[in-house]
Amino acid sequence: MKVAFCTSEAVPFAKTGGLADVCAALPIALEKLGHQLCVVMPQYPGVETTSLPVEIINDHVSQSQLGDHIPVFFIRHEKYFHRSGLYGDRNGDYNDNVQRFHYFCDQALQVLQALQWKADVIHCHDWQTSLIPVLLRYRFGHEGFWEKTKTLLTIHNLAYQGTGPAGDYAGLGFARDSLYDELFEFYGQINLLKAGIMTSERITTVSPQYAREIQTRELGCGLEGVLAKRRRDITGILNGIDTRLWNPETDPDIHKNYSPRQVADKQANKAFIQKKAGLACNPDTPLFGLVGRLSHQKGIDLLAEILPHVEEWDIQIIILGNGEKQYEDLLRAACAHAPERIALFLEFNEALAHQIYAGCDILLMPSRYEPCGLNQLIALRYGVIPLVFRTGGLADTITPYDQGGNGFVFDTYSANDFKSALRQAVDIYRDKDVFAALRVKAFSYDFSWDSSARLYADFYQQMVAE
Ligand code: ADP
């Protein structure tokens with residue numbers, strides 16, 4: 001099976017969130033199962049600064065490699081991709097994102113064809129590559145080189161849809177005006193994700209629970225009607241994590257490597273991060289962590305409501321995140337009263353993220369919705385207990401410890417329920433034996449890509465056979 005991943009980000013070349021983790025780890029896991037993979041993505045400035053060699057193929061394309069033999073083709077375009085951000089900067093989203101990713105999708109198909117990389121399946125991800133199935137059907141035509149190629153669109157987050165002014169449609173160059181109404185129109189705007197949902201052969205999302213949720217009015221982000229039309233073609237497959245990259249036994253970024261058998265060494269990481277964060281180095285103080293994009297989705301407003309209680313509950317919190325200015329400001333204000341108990345890092349810093357996972361006791365994920373969530377899976381791998389809102393992939397992976405599960409869960413999205421769950425977590429933390437048993441259990445979970453990669457491989461197989 002030959003599968004081309006077309007994506008806007010993949011580690012280690014570019015990352016803003018979980019999409020980048022998935023678009024590197026899943027191809028690598030599929031390669032191990034004997035499939036042939038390639039990845040196509042834009043060449044951002046950061047691509048050249050990784051430790052992997054990048055070779056120029058021609059004026060528009062460079063190449064590197066992932067896994068054992070996975071070529072990564074970078075589409076170069078100085079004006080579109082040589083920018084400080086992937087999709088926007090501090091002033092918001094770039095206003096030519098439709099043009100940028102139209103160019104990318106068109107080039108990705110042209111490059112695959114020029115290189116004679118005949119994919120059985122093109123696996124597209126989110127709005128950035130949603131034009132690929134549209135272009136294949138209406139411009140390239142499913143004939144000749146592309147005759148047998150199927151397209152799969154994975155929705156990593158339905159809230160991001162790639163919208164722009166209706167006038168952008170003309171620039172896409174489709175001969176038929178009617179395609180605008182059929183595929184793109186969304187409340188008077190152009191919507192790339194909608195067009196991808198309407199035209200890709202199959203659709204997956206990143207957890208079974210989120211697959212159900214996106215078909216409801218509450219979490220359908222206005223596309224629930226479109227998704228209902230494709231109901232039979234939507235499947236949820238849970239993400240995994242790259243267990244080589246996320247491995248406390250070998251992680252080069254953490255202070256001291258540790259295994260489930262040497263949990264005492266985890267304490268050294270706690271002391272390290274407490275010191276680095278300017279917190280008191282007390283091994284008995286419960287240390288909470290939060291790593292994530294600062295957005296409406298991630299429940300930063302709920303987090304802000306617990307911060308006034310850190311002294312009263314005798315806890316410490318380390319927050320690492322970047323994103324929307326309003327949430328940065330909210331956190332700055334909410335953290336200022338207790339610098340000796342709350343540490344705030346407003347940046348994207350991969351090494352620091354690893355150190356926080358290694359050092360903290362409990363990871364906070366008060367997300368309003370969460371398509372899959374990788375942080376909670378990473379947390380378990382590092383012997384950290386997740387505290388989550390029951391939604392999407394968090395509901396599929398974390399169950400309450402008092403029902404034989406692996407974490408702390410709150411069911412109603414309110415500051416009060418979040419506070420109760422947090423206080424319960426503090427009580428359990430102070431019961432050393434119970435918390436130690438919970439930690440041993442955390443280490444026992446296997447969220448590697450092995451089983452999910454098999455599900456994807458079966459899925460591709462079915463698509464090709466249809
Ligand atoms: P999302 O894709 O919605 O941002 P996920 O939970 O799927 O959330 O994936 C988040 C990934 O991004 C994890 O690997 C997490 O460690 C990482 N991450 C998020 N924010 C930061 C940050 N500020 N610094 C470093 N890594 C981050």
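The model is predicted, with local features requiring pLDDT of at least 70 and side-chain atom pairs pLDDT 80 or more, while totals for chains, interfaces and linings use all residues. Residues are numbered from 1 along each chain as its sequence is written, and side-chain values use heavy atoms, without hydrogens and water.

Begin by selecting domain 1 (2-240 + 449-465) and domain 2 (260-443), whose bounds come from an automatic or database domain assignment. Their C-alpha centres lie 32 Å apart. In contact (heavy atoms within 4.5 Å) are 20 residues from domain 1 and 19 residues from domain 2.

Next, display the surface between the domains. About 1400 Å² is buried there, 58% of it on carbon and sulfur atoms; this is the accessible area (1.4 Å probe) lost when the two parts are put together, summed over both. Select K15, R90 and L238: they supply 26% of the area that domain 1 buries against domain 2, more than any other three residues.

Helices here are DSSP runs (H or I, at least four residues), numbered from the N terminus. The largest share of that side, five residues, comes from α8.

How values were computed: Helices (H or I, at least four residues) and strands (E, at least two) are DSSP runs, numbered from the N terminus.
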